Amino acid sequence: MTSDMKRPRRVRSAYSSMTAHGEPWVWLTGGSLAIAIAMITGLLGFIAIRGAATFWPAPLELVSLRDGRKALGEVTEREQSTTIARRLVRTANFELSGNHYEWFEDADVESVSRPEWATAVERLEGGRFHGFPSRLVHGDTVVAEGAAASWDAFRERHPAVRRRSRAAMRIDKHDRGELQRQLRAARLAVVQADLDAGRESPRYRAAVEAEARTAARVADETTRLDAETAALRGENDGWAYEFETAGGEKQSIPLESIAQIWQPNRLSTAGKARIYLSRWAEFLGDDPREANSAGGVFPAIWGTVAMTLIMALLVAPFGVLAALYLREYASRGAVTSAVRIAINNLAGVPSIVYGAFGLGFFCYGLGAGIDELFFKPALVADGQPTFGTGGLLWASLTLALLTLPVVIVATEEALAA
């Protein structure tokens, strides 16, 4: 038999050997995993690109319609079909028009331009505003009039106005909050003394006197803070930037309510980059506002990071130790088999079940017991639970339970390898 006749038999033998060892399935699994990773990476990249693009200052276009109407805004989308072509414009000015976006058919558009002084204003309340600057006023006094003069005057005064506004908000949020915590602690001390010793005891009378002293001191501090915040807000009162919309309406916006402002049609690439980075900084570092539709996501980021760290500190040692014990020390028996089956089953339980368990066991069970033992004065004083409600600790513990089976199984596999 010639070598050419023997070659197909050797090929079939090699193929049979590969099939017997499962190598085709290994390659199929690896290829499927690579495709899945590429799809996930592409989806995340698409979301990141589209999301990041929203912070780039888009040009403001003045759309003049054939019926005489005019609209100023950002073109966010275009549609083209066999019968109609139209564009979606973010017109903003919700308090005037009743909507944030509007569709315009190209057949109804007479002209489109990009005015130099078209301005986008991001307000603390009320959403976005688009218009043309007309003048800067302080009470009844016109500080600057005209687009260029009012813009220069605004840029000169607005940083100081924002600093005073942030200082007043910081006093209201932190300083007043600290005073209220001290007053509440004194009130809870009175309730605790009543529960422990009764109202006829010296301890109760001492707690009442301490609460009175704390209340007097808090009242004095509150008066001082009222005067300080009144002075800060008094310096900001009356400062307003007046605009004219594309439709001719007049709008006056207080300077302290302006979070950011830019004129995209006048910006260079470097200027747009500065606005882009400042909007990113606001998004990552500020608190949310407008019912979480504007502002930043810093509280969500901080809560997620803290919850993940607490979960990791809880689940890592217990998961690794449990896997080490099951793999190296546990005897082969019915109990160990039942534990392994339970762990594998827990790894497949839906997360909503863990959430319901965490709410019932941690919040309403364990948390309510902790409140009854250690925080009863708070329950008696104002009826507000301390640990018997949703919180960062209970969320971390619930996530730890959710992750624990996965950690145990993964650690066992690593030890076996």
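This is a predicted model: local features need pLDDT of at least 70, side-chain atom pairs count only at pLDDT 80 or more; totals for chains, interfaces and linings use all residues.
1. On to rings against rings. The structure has 15 aromatic pairs. Take Phe387 and Trp394: their ring centres are 6.2 Å apart and the planes meet at 65°, and since anything over 60 degrees counts as edge-to-face, that's the label this pair gets. Those two also belong to a cluster, in which ring pairs link them with Phe357, Phe361, Phe362 and Phe375.

2. Trp394 is buried, with a relative accessibility of 6%, whereas Phe387 comes out as partly exposed at 28%. The cut-off for buried is under 20%.

3. Now the strands, with E9 (residues 239-244) as the one to look at. Of its 6 residues, 5 are buried, so the rest of the structure largely encloses this strand.

4. What does E9 pair with? Strand E7 (residues 128-138) runs antiparallel to E9, with 6 bridges between them, and Pro133 is found opposite Phe243 of E9. E9 also pairs with strand E10 (residues 250-254), again in the antiparallel sense, over 5 bridges. Here Tyr241 has Ile253 in E10 as its bridge partner.

5. Last, the turn. E9 and E10 make a hairpin with 5 residues between the strands.

Terms used. Residues are numbered from 1 along each chain as its sequence is written. Side-chain values use heavy atoms; hydrogens and water are left out. Buried means under 20% relative accessible area, exposed over 50%, partly exposed in between (1.4 Å probe, protein chains only). Helices (H or I, at least four residues) and strands (E, at least two) are DSSP runs, numbered from the N terminus. Two strands pair if DSSP finds at least two bridges between them. Rings of Phe, Tyr and Trp (its six-membered ring) pair if their centres lie within 6.5 Å; planes under 30 degrees apart count as stacked, over 60 as edge-to-face and the rest as tilted.
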